Amino acid sequence: MKRLLAALAAGAIFGAGLALSGMADPQRVRAFLDLFGAWDPTLAFVMGGALVPMAVAWAIQRRLARPIFADAFDLPPTRGIDRPLAVGAIIFGAGWGISGLCPGPAIAGLALAPSQAIVAVAAMGAGMVLHRLSSR
């Protein structure tokens, strides 16, 4: 139950931050990607602002023997840049640029503007299923 409540609190904070910063608005994200038009640097400030709490979290994590609500840390291994990573990043970036939504804002958008977000969330789900089926 503690893990569920911690996840709920983290998700609520994340969603509130997205809504408050305007990052759940696809137009704002597209404006950030429009370098030669009406460029909006807001997303850069949001990403920069995320560095501070993340740096604190990593500093705390290094001092812990194990997570508070789990038996062990589940950190992915560091790997080099390979073809799947590069191709996946290109596909992710194309989807983000076309829709203006990355996964977090797309899911938050289900509560804020469901008619726009449902298409992006459904497409993300379809992409994940397609990948799972093709990588067996």
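## Buried or exposed?

A residue is called buried when its relative accessible area is under 20%, exposed when that area is over 50%, and partly exposed in between, using a 1.4 Å probe and protein chains only. A6 has a relative accessibility of 27%, so A6 counts as partly exposed. You can find A6 in helix α1. The C-alpha atoms of A6 and I107 are separated by 18 Å, and these two residues are 101 residues apart along the chain.

Before going further, a word on the model. It is a predicted model, in which local features need pLDDT of at least 70 and side-chain atom pairs count only at pLDDT 80 or more, while totals for chains, interfaces and linings use all residues. Residues are numbered from 1 along each chain as its sequence is written, and side-chain values use heavy atoms, with hydrogens and water left out.

## The overall picture

The protein has six helices and zero strands. Here helices (H or I, at least four residues) and strands (E, at least two) are DSSP runs, numbered from the N terminus. Reading from that end, the order of elements is α-α-α-α-α-α. The C-alpha trace spans about 50 × 40 × 30 Å along its principal axes.

Of the 136 residues, 18% count as buried. Contact means that heavy atoms lie within 4.5 Å. Among contacts between residues at least 6 apart in sequence, 39% join residues at least 24 apart.

## The nonpolar core

A nonpolar core is a set of buried Ala, Val, Leu, Ile, Met, Phe, Trp, Tyr and Cys residues joined through side-chain atoms within 4.5 Å. Which residues make up the largest nonpolar core? There are seven: L18, M23, V29, F32, L43, W96 and A108. If you set aside the neighbours of L43 within four places in sequence, L43 is in contact with M23, F32 and W96.

## Two pockets

Rolling a probe the size of a water molecule over the atoms shows where empty space is left. The search uses a 1 Å grid over the protein atoms alone and a 1.4 Å probe; a pocket is an open set of points with protein on both sides within 12 Å along at least five of seven lines, and lining residues have an atom within 4 Å of a point. Grid points are joined across faces, edges and corners, and a volume is the space filled by probe spheres set on the points.

The largest pocket holds about 600 Å³ of space. Its lining has 20 residues, and G88, I91, F92, G127 and M128 lie nearest the centre. Helices α4 (83–99), α5 (103–112) and α6 (114–134) each supply at least two lining residues, and α4 gives the most, with ten. Sorted by class, this lining has 14 nonpolar, five polar and one charged residues. In this sorting, Ala, Val, Leu, Ile, Met, Phe, Trp, Tyr, Cys and Pro count as nonpolar, Asp, Glu, Lys and Arg as charged, and the others, Gly among them, as polar.

The second largest pocket has a volume of about 250 Å³. Residues lining the second largest pocket include F14, L18, M23, L43 and W96. The elements giving two or more residues to this lining are α1 (2–21) and α3 (42–63), with the largest share, four residues, coming from α3. By class, the lining of the second largest pocket has eleven nonpolar, one polar and no charged residues.

## Salt bridges

Side chains of opposite charge can pair when their charged atoms come close. A salt bridge is a side-chain nitrogen of Lys or Arg within 4 Å of a carboxyl oxygen of Asp or Glu. How many salt bridges does the structure hold? It holds two.

One joins R28 and D40, whose closest N and O atoms are 3.3 Å apart. R28 sits in helix α2 (residues 26–33) and D40 in the loop between α2 and α3, twelve residues apart. R28 is partly exposed at 30%, whereas D40 is buried at 18%. The other links D82 and R79, at 3.6 Å from N to O. D82 is partly exposed at 30%, while R79 is exposed at 59%.

## Around F73

Q61 lies in helix α3 and counts as buried, at 16% relative accessibility. Apart from neighbours within four places in sequence, Q61 is in contact with F73 and L75. R66 is in the loop between α3 and α4 and counts as partly exposed, at 42%. With neighbours within four places again left aside, R66 is in contact with D71 and F73.
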